[in-house]
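Student: I would like to go through the labels used for this structure and see what each one rests on. Please set the values against the cut-offs.

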Amino acid sequence: MIRTINIILILASIVMLASVYALKFSIEGTASERTALTALISEQEGQLSLLKADWAVLNQPGHIDPIVRRHEAELQIAQVTQEQFGSFTALPMRPAKPDSAAMDALFEAIAQGIDPIDAILELEGIE
């Protein structure tokens with residue numbers, strides 16, 4: 001009986017030892033993948049930083065202006081002038097005050113049950 005229990009315990013120990021060994025190699029593989037991904041992310045962040053610096057240089061007005069001058073005729077573009085924004089004289093004046101007598105007449109007509117829209121439609125001949 002004790003011999004059987006010992007054999008079972010030895011087999012269980014061997015199985016557990018193999019499991020721990022496999023788990024150790026699995027964790028080492030995961031750690032190496034993590035290290036590779038971290039290095040890749042670091043490399044891509046460096047490339048992104050370089051691209052942002054290039055973009056900042058390419059967006060400077062000193063770099064864009066000669067390009068715009070070179071293609072100004074083909075693109076039919078011109079510099080913005082003040083007249084494109086309008087002037088204060090071009091702004092519309094305030095609307096006139098509403099005709100209070102006409103508004104009173106309108107409200108009286110509505111109170112009497114006359115629909116002003118229907119009256120307009122009848123004058124126009126629209127039903």
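Student: Why is E72 called partly exposed?

Tutor: In this predicted model, E72 has a relative accessibility of 27%. Buried means under 20% and exposed means over 50%, so E72 at 27% counts as partly exposed.

Student: What makes E72 and R69 a salt bridge?

Tutor: The closest N and O atoms of R69 and E72 are 3.3 Å apart. The cut-off is a side-chain nitrogen of Lys or Arg within 4 Å of a carboxyl oxygen of Asp or Glu, so the pair R69 and E72 qualifies. Side chains of opposite charge can pair when their charged atoms come close.

Student: Why are D65, R69 and E72 described as a network?

Tutor: R69 also forms a salt bridge with D65, with the closest N and O atoms 3.5 Å apart. R69 therefore takes part in the bridge to D65 and in the bridge to E72, and D65, R69 and E72 are linked in a network of salt bridges.

Student: How do you know that R69 and D65 are separated by about one helical turn?

Tutor: R69 and D65 are four residues apart in helix α2, which covers residues 61-70. R69 has 38% relative accessibility and D65 has 36%. Both values lie between 20% and 50%, so R69 and D65 count as partly exposed.

Student: How many salt bridges does a search of the whole structure find?

Tutor: The search finds three. One of them joins K24 to E28, with the closest N and O atoms 3.6 Å apart. K24 and E28 both lie in helix α1, four residues apart, about one turn of the helix.

Student: Are K24 and E28 buried, partly exposed or exposed?

Tutor: K24 has a relative accessible area of 43% and E28 has 39% relative accessibility.

Student: Why does I2 count as exposed?

Tutor: I2 has 61% relative accessibility, and the cut-off for exposed is over 50%, so I2 counts as exposed. I2 lies in helix α1, residues 2-58. With M1, I5 and L9, I2 forms a nonpolar patch on the surface, and together these residues have about 480 Å² of accessible area.

Student: What makes the patch of D115, D118, E122 and E127 negative?

Tutor: Asp and Glu count as negative, so the side chains of D115, D118, E122 and E127 give a negative surface patch. E127 is found in the segment after α5 (116-124). E127 has a relative accessible area of 97%, which is over 50%, so E127 is exposed.

Student: How many positive and negative side chains does the protein chain have?

Tutor: There are 8 positive and 17 negative side chains, and the centres of the two sets lie 27 Å apart.

Student: How do you know that the protein chain is more spread out than a compact globule?

Tutor: The protein chain has five helices and zero strands. Its radius of gyration is 43 Å, well over the 14 Å that the globule rule gives for 127 residues, so the protein chain is more spread out than a compact globule. The C-alpha atoms fill a box of roughly 115 × 60 × 30 Å along the principal axes. Of the 127 residues, 1% count as buried.

Note on methods
Residues numbered from 1 in each chain as written. Predicted model: local features only at pLDDT ≥ 70, side-chain atom pairs only at ≥ 80, totals over all residues. Heavy atoms only, no water. Patch = residues over 30% accessible without salt bridge, like charges linked within 9 Å, V, L, I, M, F, W, Y side chains within 5 Å. Areas by Shrake-Rupley, 256 points an atom, 1.4 Å probe, with all protein chains shown as cover. Helix = DSSP H or I, 4+ residues; strand = E, 2+ residues; numbered from the N terminus. Buried < 20%, exposed > 50% of the residue type's maximum accessible area, 1.4 Å probe, protein only. Rg over C-alpha atoms; globule rule 2.2 N^0.38 Å. Charge placed at Lys NZ, Arg CZ, Asp CG, Glu CD.
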